[in-house]
Amino acid sequence: MDKAVRRFRAPGRVNLIGEHTDYNGGLVLPAAIEFAAYVEASGRGDRRLAVRSENYSETREFDLDDAEPRAQGHWSDYVRGVAVTLERAGRRITGADLRIRSDVPMGAGLSSSAAIEVATALALLGAPMKTAMDRTTLAQLCQRAENEFVGVRCGIMDPFIACHARAGQALMLDCRTLEHRFVTLPRGVKLAIANTMVRHSLAAGEYNRRRAECEEGAAYFGRPLLDVTLGDLERDGRGLSETVYRRCRHVITENARVTAAVAALEHGDMPAFGELMGQSHRSLRDDFEVSCAELDALVEIAAHVPGVYGSRMTGGGFGGCTISLVQEEQVEAFREAARRNAVVYVSGAAEGAGEL
Ligand code: GLA
């Protein structure tokens, strides 16, 4: 990397439908949002990384030749994890001074960590992503950094959308094959994101537990859950515990909802899309049990606002945000209705990561 300062940006995301399907190899439909992480980078002559966070007003330094780098439960883990993962993947990087600033709300389920990871990876590689292949590889490296270095077993959805997003479009991703296609959001429809401002402390532990329960379901059937139909589950699933049965039912029905939602969007049928969002929320609440009272209350409030097509919790759950699709001219009514329960952000679907 040369000494000149270069600037990179990677967006947060909101998932429109397809929740807790990514790590089961299923379908998701996220869009990038107009909140992003920004990294300013300049090269150094040595093998050190000096990372400044404007959000935390703090600087950390690392040696890229450190033989046993470890996560420290600190914001800088995301940055260091990316550096370590790039090197382990054989992409030798040079020392750099990095300045990071993010306006993606943190801990709100809007993928603030993937935004930082992707922007950091671009900065450290110092090269624009030229092809979709580059972007996919980069997303996989960032997921690996989070899985192996930071120690969170998240799926591919968040870094993938940060890398690939296109303005005005949502992206349907098959998390097993990584095949994807873009779906244009209708003009005049806004993403209204309502942040409960709560993050229940069980979130991380419960996330891993849900993953384990899904794995138990897949092991029972001897194949990935996405190859199990609802009919298979109803016919052969009697030997599962009642809890794992419901977890499987969520994953299988949610995956089908993504296919139906994309078809609805492609036909411009927003009411049908909204109805599927409602079904998704109820399935996450009752079968997957990752919602909470604050999220349920917001979904209920949104249901009574004119111009709201649909609303559901988004992201991992146990707090964080709801996503509602709202007609542009009703956005203020939505804000007003949700005001007492949430901080509301309104966004269009934004462009993916790149150099500024
Ligand atoms: C978190 C993870 C994603 C995905 C969602 C649930 O946001 O980071 O990979 O599993 O939860 O859909």
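Modeller: A contact means heavy atoms within 4.5 Å of each other. In this protein, residues 24 or more positions apart account for 70% of the contacts with a separation of 6 or more. The model is predicted: local features need pLDDT of at least 70 and side-chain atom pairs count only at pLDDT 80 or more, whereas totals for chains, interfaces and linings use all residues. Residues are numbered from 1 along each chain as its sequence is written, and side-chain values use heavy atoms, with hydrogens and water left out.

Colleague: How many helices and strands does the protein have?

Modeller: Helices (DSSP runs of H or I, at least four residues) and strands (DSSP runs of E, at least two) are numbered from the N terminus. Here the secondary structure comes to ten helices and 13 strands. The radius of gyration (taken over C-alpha atoms) is compared with the globule rule, 2.2 Å times the number of residues to the power 0.38. The protein has a value of 20 Å, close to the 21 Å that the rule gives for 356 residues, so it is as compact as a globular protein of that length. Along the principal axes, its C-alpha atoms fill a box of roughly 60 × 50 × 35 Å.

Colleague: What share of the 356 residues counts as buried?

Modeller: A residue is buried under 20% relative accessible area, exposed over 50% and partly exposed in between (1.4 Å probe, protein chains only). By this criterion, 56% of the 356 residues are buried. Helix α4 (residues 157-164) illustrates the idea, since eight of its eight residues are buried; among them are Phe 160 and Ile 161.

Colleague: In what order do the six strands of the open sheet stand?

Modeller: Strands of a sheet pair through backbone hydrogen bonds, either parallel or antiparallel. Two strands are said to pair if DSSP finds at least two bridges between them. In this sheet the order is β5-β4-β6-β3-β1-β13, with mixed pairing. Strands β5 and β13 (354-355) are the edges, each pairing on one side only. Within the sheet, β3 and β6 (residues 96-102) run antiparallel and are joined by seven bridges.

Colleague: Which residue in β6 stands opposite Tyr 38?

Modeller: Arg 101 stands opposite Tyr 38. The charged end of Arg 101 also sits over the ring of Tyr 38, 4.6 Å from its centre. This description requires NZ of Lys or CZ of Arg within 6 Å of the ring centre and within 35 degrees of the ring normal. Arg 166 has its charged end over the ring of Phe 182, 3.9 Å from the centre.

Colleague: How many aromatic pairs does a search of the whole structure find?

Modeller: Rings of Phe, Tyr and Trp (its six-membered ring) pair if their centres lie within 6.5 Å; planes under 30 degrees apart are stacked, over 60 edge-to-face and the rest tilted. The search finds four pairs. One of them joins Phe 35 and Tyr 345, whose ring centres are 5.4 Å apart and whose planes stand at 65°, so the pair is edge-to-face. Phe 35 lies in β3 (residues 30-43) and Tyr 345 in β12 (residues 343-347), 310 residues apart. Phe 35 is buried at 18% relative accessibility, as is Tyr 345 at 13%.

Colleague: Which aromatic pair is stacked, with 5° between the planes?

Modeller: That pair is Tyr 56 and Trp 75, at 6.0 Å centre to centre. Tyr 56 lies in the loop between β4 (48-53) and β5 (58-63) and Trp 75 in the loop between β5 and α1 (77-88), so the pair ties together parts that are 19 residues apart in sequence. Tyr 56 is partly exposed at 42%, whereas Trp 75 is buried at 13%.
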